[in-house]
Amino acid sequence: MTALPPTTLADALATVRAAIAEAATAAGRAASSITLIAVSKTQARPALAAALAAGQRDFGENRVQEAEAKWPELKARHPDCRLHLVGPLQTNKLKAALGLFDAIHTLDRPRLADKLAEHQAAGHALPPLFIQVNTGQEPQKAGILPGEADAFIETCRGRGLPVTGLMCIPPLDEPPALHFAWLATCARRHGLPHLSMGMSGDFATAIAMGATHVRIGTAIFGARPG
Ligand SMILES: *Cc1c(COP(=O)(O)O)cnc(C)c1O
């Protein structure tokens, strides 16, 4: 596993931040309206430390167990750091996830909504939730189907879940703009303020379409080990 030297990672972060600012300006938006989530899945401690040293504070992980191994100690040392779950959440990992993550981007099915509502009813605070929509209707991908999104969003909010926005991962082989536009229109229809969309290859497009949270791994940390 090769960790990038800190200067290189700091440079990469600065480049990404500049590109975000440029895309925001081009869209007539404030760069401060966009949260950069550094997706640190599979990255080892030195890379995380380098990103923290470079001032990065929002991080994304896609596996609860991996995050549990990597983050509690770093979060204790950097209490202002926020952890975002960007991968599927199994209900048996829910308690662990709620103890560690500051936002969940992957509310992707009714059963998970049920479990989250149970936890809330039992007096536990929930972090902000993004509903994941499978905009490309890909069988292998998680998320609510577009045709079911309106009803699911209404049900979740009707139950008092703290839904803050929508999230999508467009199909690899399609231009992402239509998917981002669909998600933005759906969020607007429901008065949801946040859009988690855009990765290393398409974050500028996502920002043009209204992304408030971009999830970027490779452009910051380099190719993932393994
Ligand atoms: C890995 C991952 C990312 C980051 O992807 P890059 O192409 O490396 O920027 C973003 N979102 C999700 C859900 C991911 O799993």
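Is Cys-156 buried or exposed at 1% relative accessibility? Cys-156 counts as buried, where buried means under 20% relative accessible area, exposed means over 50%, and partly exposed lies in between (1.4 Å probe, protein chains only). The model is predicted, so that local features need pLDDT of at least 70 and side-chain atom pairs count only at pLDDT 80 or more, while totals for chains, interfaces and linings use all residues. Residues are numbered from 1 along each chain as its sequence is written, and side-chain values use heavy atoms, with hydrogens and water left out.

**Cys-156 and helix H6**

Cys-156 is found in helix H6; helices (H or I, at least four residues) and strands (E, at least two) are DSSP runs, numbered from the N terminus. Leaving aside residues up to four places away in sequence, Cys-156 touches Leu-107, Ala-113, Ile-131, Leu-161 and Val-163, contact being heavy atoms within 4.5 Å. One of these, Leu-107, is 49 residues from Cys-156 along the chain, and their C-alpha atoms are separated by 9.7 Å.

Helix H6 (residues 146-158) packs against helix H7 (residues 177-189) at an angle of about 25°, with the axes 11 Å apart. Axes are lines fitted to C-alpha atoms, for helices over the stretch in contact, and angles run from 0 to 180 degrees between N-to-C directions. H6 and H7 are therefore roughly parallel to each other, a term for angles under 35 degrees; over 145 is roughly antiparallel, 65 to 115 roughly perpendicular, and the rest oblique. Their crossing is right-handed, meaning that the near helix is turned clockwise from the far one by less than a right angle. On the H6 side the contact is made by Pro-146, Ala-149, Asp-150 and Ile-153, and on the H7 side by Trp-182, Cys-186 and Arg-189. The residues of this contact divide into 5 nonpolar, no polar and 2 charged.

**Strands**

Strand E1 (residues 35-39) and E8 run parallel and are joined by 4 bridges; strands pair if DSSP finds at least two bridges between them. Ala-38 has Ile-216 of E8 as its bridge partner. Strand E8 (residues 213-216) is covered on both faces, with His-213 and Arg-215 buried on one side and Val-214 and Ile-216 buried on the other.

Arg-215 is also among the residues that Met-167 touches, not counting residues up to four places away in sequence; the others include Val-86, His-105, Phe-130, Ile-131, Leu-183 and Ser-196. Met-167 lies in strand E6 (residues 163-167) and is buried, with a relative accessible area of 0%. The C-alpha atoms of Met-167 and Thr-205, 38 residues apart along the chain, are separated by 15 Å.

**Helix H2 and positive phi values**

In helix H2 (residues 45-53), the buried residues include Ala-47, Leu-48, Ala-50, Ala-51 and Leu-52. Gly-55, with a positive phi near 95°, follows H2. Positive phi values also occur at Thr-42 and Gln-137, each a residue other than glycine.

| Residue | Phi | Place | Relative accessibility |

Notes: Ala, Val, Leu, Ile, Met, Phe, Trp, Tyr, Cys and Pro count as nonpolar, Asp, Glu, Lys and Arg as charged, and the others, Gly among them, as polar.
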